[in-house]
Amino acid sequence: MTEYTFSSDADFGDSTSQVRLYTIEADVTNGVTPDSLRLLTEQCVASLSGLLTREEAGTRPAVRATRQAYAPGCREAAELSPSAENLTLQAVEGGNLITENAITDVVNLASLRSGYSIVCLDADKVSGHALRFSHDASKGIPAIYDTTDLLGWPTSVAPRAAVSLTTTRVLIVIFCFGEEEPPAQTVDYIADLLSEYVQASNLSTNIFRL
């Protein structure tokens with residue numbers, strides 16, 4: 001497995017002292033989302049929709065902390081909602097979160113459950129092993145870069161690095177600007193789901209305090 005490293009050259013304001021990236025790398029056998037994973041997602045959606053209203057989706061602790069890491073003028077922009085906030089909104093509105101891509105649905109379920117924004121990268125599309133965590137000046141939000149270009153943001157993954165049904169190796173990055181559930185619990189949950197639903201092997205995890 002690749003030993004990735006992260007460096008950072010950005011000031012994330014009040015969130016700087018708390019910024020951590022949790023990573024999971026694994027070999028996988030991807031496929032269409034199985035019924036049992038679909039059921040887990042539906043159960044999580046039902047649980048959240050009974051706890052939160054649409055207006056409260058953005059008040060989740062991890063979501064609020066993520067927005068605080070945005071440039072001041074971008075913190076309330078609806079088009080820059082953290083992915084966990086968007087998933088929560090879909091859940092409370094009764095939307096269908098299933099993408100029919102098992103890896104993507106594993107990550108979406110973990111994000112919905114934890115409140116953390118998570119990007120899932122096709123590791124074979126990542127250039128080099130020295131990654132950089134910085135601000136995307138054009139958007140005013142945090143971003144991950146490899147030696148070539150952008151890989152993703154707390155809002156989404158860059159299309160060039162997105163997973164597909166033929167993906168065989170993933171690098172998953174959990175953005176933690178402030179805690180909701182213990183991040184290590186989220187890492188363990190994702191690792192268990194990867195093992196069960198995409199036959200993960202050679203799985204490794206890491207924490208980067210930036």
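From the N terminus on, the elements of this chain run β-β-α-α-α-α-β-β-β-β-β-α-β. That gives 5 helices and 8 strands. Keep in mind that you're looking at a predicted model. With 210 residues, a compact globule would have a radius of gyration near 17 Å, and the chain has 16 Å, which agrees.

**The overall picture**

- Along its principal axes, the C-alpha trace spans about 45 × 40 × 30 Å.
- Of the 210 residues, 53% count as buried.
- Take the contacts between residues at least 6 apart in sequence: 75% of them join residues at least 24 apart.
- The accessible surface comes to about 9000 Å², and carbon and sulfur atoms hold 49% of that.
- On the charge side, there are 14 positive and 27 negative charges, and their mean positions are 4 Å apart.

**Aromatic rings**

- A pair of aromatic rings is described by the distance of the centres and the angle of the planes.
- The count for this chain comes to 4 aromatic pairs.
- One of them joins phenylalanine 6 and phenylalanine 208: the ring centres are 5.1 Å apart and the planes sit at 65 degrees, so the pair is edge-to-face, the label for angles over 60.
- That pair links distant parts of the chain, with phenylalanine 6 in strand E1 (residues 5-8) and phenylalanine 208 in strand E8 (residues 201-209), 202 residues apart.
- Phenylalanine 175 and phenylalanine 177 are both buried.
- Ring pairs also tie Phe133, Phe175 and Phe177 together into a cluster.

- Helix H2 covers residues 61-68, and its buried residues are Ala62, Val63, Ala65, Thr66 and Arg67.
- An α-helix has 3.6 residues a turn, so residues three or four places apart point the same way.
- What covers the buried part of H2? Helix H3 (83-92) is included in that cover.
- Glutamate 85 belongs to H3, and it's buried, with a relative accessible area of 10%.
- Leaving aside neighbours within four places in sequence, glutamate 85 is in contact with Ala57, Gly58, Val63 and Arg67. Val63 and Arg67 are among the buried residues of H2.
- Glutamate 85 and valine 28 are 57 residues apart along the chain, and their C-alpha atoms are separated by 27 Å.

**The loop between H2 and H3**

- Serine 81 has its place in this loop.
- At 5% relative accessible area, serine 81 is buried.
- Which residues does serine 81 touch, leaving aside its neighbours within four places in sequence? They are Arg67, Tyr70, Asn86 and Thr155.
- Threonine 155 is 74 residues from serine 81 in sequence, yet the two are 6.1 Å apart in space, C-alpha to C-alpha.
- Arg67 turns up in the contacts of serine 81 and in those of glutamate 85.

**The loop between H3 and H4**

- Glutamate 100 is found in this loop. It has a positive phi of about 70 degrees although it's not a glycine.
- Glutamate 100 is partly exposed, with a relative accessible area of 33%.
- Asparagine 101 counts as buried, with 10% relative accessibility.
- Leaving aside neighbours within four places in sequence, asparagine 101 is in contact with Asn30, Gly31, Thr33, Val163, Ser164 and Leu165.

**The loop between H5 and E8**

- Glutamine 199 lies in the loop between helix H5 (183-197) and strand E8.
- Glutamine 199 has a positive phi of about 50 degrees, although it's not a glycine.
- Is glutamine 199 buried or partly exposed? At 46% relative accessibility, glutamine 199 counts as partly exposed.

Technical notes:
Residues are numbered from 1 along each chain as its sequence is written. This is a predicted model: local features need pLDDT of at least 70, side-chain atom pairs count only at pLDDT 80 or more; totals for chains, interfaces and linings use all residues. Side-chain values use heavy atoms; hydrogens and water are left out. Helices (H or I, at least four residues) and strands (E, at least two) are DSSP runs, numbered from the N terminus. The radius of gyration is taken over C-alpha atoms; the globule rule is 2.2 Å times the number of residues to the power 0.38. Buried means under 20% relative accessible area, exposed over 50%, partly exposed in between (1.4 Å probe, protein chains only). Contact means heavy atoms within 4.5 Å. Accessible areas come from the Shrake-Rupley method with a 1.4 Å probe; for residues, only the protein chains shown count as cover. Lys and Arg count as positive and Asp and Glu as negative; His and the chain ends are not counted. The place of a charge is taken as NZ of Lys, CZ of Arg, CG of Asp or CD of Glu. Rings of Phe, Tyr and Trp (its six-membered ring) pair if their centres lie within 6.5 Å; planes under 30 degrees apart count as stacked, over 60 as edge-to-face and the rest as tilted.
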